[in-house]
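These notebook entries record what I looked up in one structure. I began with the basis of the model and then went from chain to chain.

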Amino acid sequence: MAIFSNFAVNQATNPMQSHFQFSSTKSLEQVSTRTLSLIASAAFFLLFLVLFSFISLFTTPITPAYAQTATLTPQQVVEYALTLEKLEDDFYRRAVRATQNGGLKNAPKLAKDVIANYGRDEAQHVVDLSAVLTSLGGNPAAITIPANPNYTAIKGRNPFANIKDFLLALQYVEDLGVSAYKGQVQNLQASGNDTILAGALEIHTIEARHAAGIRYLRQELLDADIRPWIRRANEVVYNENKKGFPIDFADAAFDGFSTRDEVLALVGPILNPTSTQRSGERSSPSALEGSITQEDCPAGTTLELVSGGYICKP
Amino acid sequence: MTLQTELTEKAVASRRKLLKWGLLGVGAAVLATVPKPLMAQTSSSLTLTFNANDIGILNFALLLEELESAFYVAAVKSGKVRDPQEREYLRVLGIHEATHVTFLRKVLGSNVIFQTNDLSFRRSGLNALLKDRDTILKTAVSLEDTGVHAYNGAGTLLTDPTYILAAGSIVSVEARHAAGVRALLKRPVTELDRERSVSNANLDPSINPLKGRAYDELYTPKQIVQIVGSLKLINNPINGALVS
């Protein structure tokens, strides 16, 4: 639970927010916006508490098989994976821009190469998962993310401002990606669709390679107390050490998993339409300002909220 | 249902599973092409027979973990890797692999088909992999990359939900290992197509919907046996429906 309180505390002591406050006229409106966002953070934290106490009830062993909960169809899994991949892709694209003329401009070449290479992999995942979704009868264009996702929610400040913050945020993102794919292997196995299962497995370990590469960079460039593998639960934002399984997830030799609900709850603040983006990295002025509405959905689709994430349902 | 018809139905079902992987027709031919040294060593070392079911797959995974584990112990002991960070990585990777061995043996229980000391290591093969620091780290990358492809390949074969979750929780750690050692060598963390032991043409298309640098392709157990065989690490003959 400590990781989630960290997550919430980071938001509450958001230095960008204070900066924002000092550099602008202190209007009553802004103060109340800030108060509201603090209340929202607290509410999210409470929601996590409630959600996880419930989940822990259900993760007790269901003999003979140990289930990961929430049955999803292959199409639902691909839609969910594509949402995450689009978000990762967008995150890397902004990072690439920041290496050209932003906060990451002076980052070491090793880091810039990593951003370019891993970003290319995620872009490939978006292209190929889109084709997979189409082959399943789904509509990849209907899977959308906000024009300006609220990435400040990850660390409580602009992740693209400096290499230190960026690599830690990226580590959180990649490790969460690994656990998210792992969280779907039982669903895909049960569906009997070996093609989709194979595709998910093929991506799952690439995310793990990325996560390990970022962790290595943090050790190498920043002298961070981190290794390519997960030594402590507080290195990740999801619940790494799930109990009630015959697998010792707390051991560094075994990686934990996350359910879709858990992942969407964690990325919810990034996709959250009520929080105004405070980052200076706003790439293009948008009417959306970090939110998505029905207007963002292609014709013939309906905006639908799925546990903190949004999809445009055909 | 008589026992006989039940057995026949089971045989048909398992043959169907094999047919799905396109293995039945070539099974006999492949057995004949197993490298000579492997076939010749019948007197001294235990033959490892892997069945085409979950138990066979877990035993096969155990073999890979045993090889990795033994390699890292020998690599650290060799004294050829002197850099503290590199030594630490090798030592920790060895601990992880040993943990996987213990875990798989516990899960398999009485279904385990070999004990650690049943494995007959080839001193010459092992020594060649321990020649110097570069060879050791390159071998570590090969072993870890192979492990990733092997576990991924096992993914679509496993039928038990707990086993696939376990395999998933292990394979991403193998991928972290591969990436970590690749990073030590200043190599990209993902595998280039030309680095792969199995070329695009030889990948089983039915289990590889995606190919290329952004993906870790699925290798069949038979392909893994060929890769492991080329390392000349053990004398034990390997056979069984899973790898034929």
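**Entry 1: basis.** I note that this is a predicted model, in which local features need pLDDT of at least 70 and side-chain atom pairs count only at pLDDT 80 or more, while totals for chains, interfaces and linings use all residues. Residues are numbered from 1 along each chain as its sequence is written, and chains are lettered from A and ligands numbered from 1 in the order in which they are written.

**Entry 2: chain A overall.** I looked up the secondary structure of chain A and found ten helices and two strands; helices (H or I, at least four residues) and strands (E, at least two) are DSSP runs, numbered from the N terminus. Along the sequence the pattern is α-α-α-α-α-α-α-α-α-α-β-β. Of the 314 residues of chain A, 51% are buried. I used the rule that a residue is buried if 20 or more other C-beta atoms, placed from the backbone, lie within 10 Å of its own. I also looked up contacts, where two residues count if their C-beta atoms, placed from the backbone, lie within 7 Å. Among the contacts in chain A with a separation of 6 or more, 72% come from residues 24 or more positions apart.

**Entry 3: a helix pair in chain A.** I examined helix H4 (residues 74–101) and helix H7 (residues 163–182) of chain A, whose axes are 11 Å apart at an angle of about 160 degrees. Axes are lines fitted to C-alpha atoms, for helices over the stretch in contact, and angles run from 0 to 180 degrees between N-to-C directions. That angle makes H4(A) roughly antiparallel to H7(A), a label for angles over 145 degrees. The crossing of H4(A) and H7(A) is left-handed, that is, the near helix is turned anticlockwise from the far one by less than a right angle. From H4(A), A:Leu84, A:Glu88, A:Phe91 and A:Ala95 meet A:Phe166, A:Val173, A:Gly177 and A:Ala180 of H7(A).

**Entry 4: H4 of chain B.** How many of the 25 residues of H4(B) are buried? I found 18. Its end C-alpha atoms are 36 Å apart, which agrees with the 36 Å that its 25 residues should span at 1.5 Å a residue; the expected span is 1.5 Å times one less than the number of residues. Just after H4(B), B:Gly79 has a positive phi of about 75 degrees. The axes of H4(B) and H7(B) come within 11 Å and cross at roughly 165 degrees, and the two helices are therefore roughly antiparallel. This crossing is left-handed as well. Residues that meet there include B:Leu64 and B:Phe71 in H4(B), and B:Leu143 and B:Gly147 in H7(B).

**Entry 5: H5 of chain B.** H5(B) has 25 residues and reaches 36 Å from its first C-alpha to its last. Its buried residues include B:Tyr89, B:His96, B:Glu97 and B:Phe103, and what covers the buried residues of H5(B) includes H4, H7 and H8 of chain B. B:Gly109, with a positive phi near 55 degrees, follows H5(B).

**Entry 6: the interface.** I found 37 residues of chain B in contact with 44 residues of chain A. On the side of chain B, helices H5 (84–108), H7 (133–155) and H8 (161–184) each give two or more residues, and H8(B) gives the most, with 17 residues.

Note on methods
A residue is buried if 20 or more other C-beta atoms lie within 10 Å of its own, exposed if 12 or fewer, and partly exposed in between; C-beta atoms are placed from the backbone. Angles under 35 degrees count as roughly parallel, over 145 as roughly antiparallel, 65 to 115 as roughly perpendicular and the rest as oblique.
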